[in-house]
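This briefing covers a few local features of one protein chain. The sequence and structure come first, and the notes follow by topic.

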Amino acid sequence: MVNRVIIRTKVLQIVYSYYQRDEHVLSVAENELAFSLQKTYDLYHYLFLLIPFLTDLEQKRVDLRRHRHLATDAEKAPSLRFINNRFSKQLLENQSLQKFVGEKSWFWDQDDHFGINILNKIVASELYSEYMTSEDSYESDKEFWRKALKSIVLLDLDLEEMLEDKSIYWNDDLDLVGTFVLKTIRKWTDNCSEQDEPLMPMFKDEEDRLFAYNLLHQTIIDASANKQLIEAHIKNWDVDRLANMDLYVMQMAIAEMTHFPMIPINVTLNEYIDLAKYYSTPKSGVFINGTLDSIVSDLKKEQVLTKV
């Protein structure tokens with residue numbers, strides 16, 4: 001689930017934080033990276049658990065309406081299609097999510113006001129109206145929640161703001177993690193027991209886990225040498241006048257190109273140019289692209305880089 005796009009982003013954030021401190025301790029940076037990656041994986045679980053939370057909120061609303069003194073006939077005998085959604089039940093009984101629930105202290109039920117606002121938007125949507133009259137099947141139930149997440153929940157500004165308030169480690173995580181949630185939902189079926197449908201692992205494999213920590217190590221260990229390399233390829237510009245984020249992005253890119261032979265150079269360049277555009281100045285992408293191209297050319301001539 002934590003892919004290399006997320007890893008690069010997290011490492012860049014940790015590198016930036018590392019150099020803002022008075023004391024530079026690599027082990028502290030390692031621990032912070034581990035915590036940051038775990039928080040991203042936590043968010044993956046929390047987004048799934050939002051579905052049964054909203055289902056439970058609707059159950060409570062239906063019960064209140066049904067038992068009030070002047071309840072209408074529709075309120076006394078409401079459609080339970082939304083409440084009985086099979087996919088929501090499947091999530092509630094999933095073993096991986098239940099284990100997660102047992103380990104954490106914060107959950108959506110501490111934010112009922114936020115939940116009611118999201119639920120109202122879902123119930124008022126055309127998607128909800130279509131769902132309530134659609135074929136009553138597991139696939140229809142699952143597809144409803146996939147579409148509701150994609151078109152309503154994950155785009156909601158209140159959700160983004162609330163998550164940022166809950167954890168600084170969730171800043172900028174929602175879009176990427178939401179994509180993995182949607183991908184996971186597509187794979188689920190009703191053929192297995194509710195408990196057995198798998199969530200994505202934190203890392204695809206051991207290679208990705210090692211990539212995260214090795215990238216952090218090499219960026220910090222090679223920082224001085226790579227700073228000198230960058231300075232040698234910046235014409236009429238003092239490296240100390242660079243935007244800090246531009247410098248860190250280039251140091252990371254050089255570390256990746258020189259220490260990870262299986263990653264093509266163009267993949268590395270594209271990834272870090274995108275990072276620069278997002279985290280630094282509007283002109284950073286073009287500047288970093290030109291500087292790294294020059295560095296790559298010289299490293300190839302010196303046979304420091306032999307990959308394509």
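In this predicted model, a polar atom of the Ser137 side chain lies 3.1 Å from the backbone nitrogen of Ser140. Ser137 belongs to the loop between H7 and H8, while Ser140 is one of the buried residues of helix H8 (residues 138-153).

**Ser137**
- Ser137 has a relative accessibility of 16%, and it counts as buried because the cut-off for that class is under 20%.
- Not counting residues up to four places away in sequence, Ser137 touches Arg81 and Arg86.

**Helix H8**

**H2 against H11**
- H2 and helix H11 (residues 206-221) pack with their axes 11 Å apart, at an angle of about 145°.
- The crossing of H2 with H11 is right-handed.
- On the H2 side, the residues that meet H11 are Leu26, Ala29, Glu30, Leu33, Ala34 and Leu37.
- On the H11 side, they are Ala212, Tyr213, Leu216, His217 and Ile220.
- By class, the residues of this contact divide into 9 nonpolar, 1 polar and 1 charged.

**Leu26**
- Leu26 lies in helix H2 (residues 26-66).
- Its relative accessible area is 25%, so Leu26 is partly exposed, a class that falls between the 20% and 50% limits.
- Beyond its neighbours within four places in sequence, Leu26 is in contact with Tyr18, His217 and Ile220; His217 and Ile220 are also among the H11 residues that meet H2.
- Leu26 and Lys227 are separated by 201 residues in sequence, and their C-alpha atoms are 18 Å apart in space.

**Confidence**
- The mean pLDDT of the protein chain is 92, and 94% of its residues reach 70 or more.
- Among the elements of the chain, H8 has the highest mean pLDDT, at 98.
- The lowest mean pLDDT, 65, belongs to helix H3 (residues 73-76).

Methods
Residues numbered from 1 in each chain as written. Predicted model: local features only at pLDDT ≥ 70, side-chain atom pairs only at ≥ 80, totals over all residues. Heavy atoms only, no water. Helix = DSSP H or I, 4+ residues; strand = E, 2+ residues; numbered from the N terminus. Buried < 20%, exposed > 50% of the residue type's maximum accessible area, 1.4 Å probe, protein only. Contact = heavy atoms within 4.5 Å. Polar contact = N/O pair within 3.5 Å; in protein donor to acceptor, adjacent residues only side chain to side chain. Axes fitted to C-alpha atoms, helices over the stretch in contact; angles between N-to-C directions. Left-handed = near helix turned anticlockwise from the far one by under 90°. Nonpolar A, V, L, I, M, F, W, Y, C, P; charged D, E, K, R; others polar. pLDDT = per-residue confidence, 0-100.
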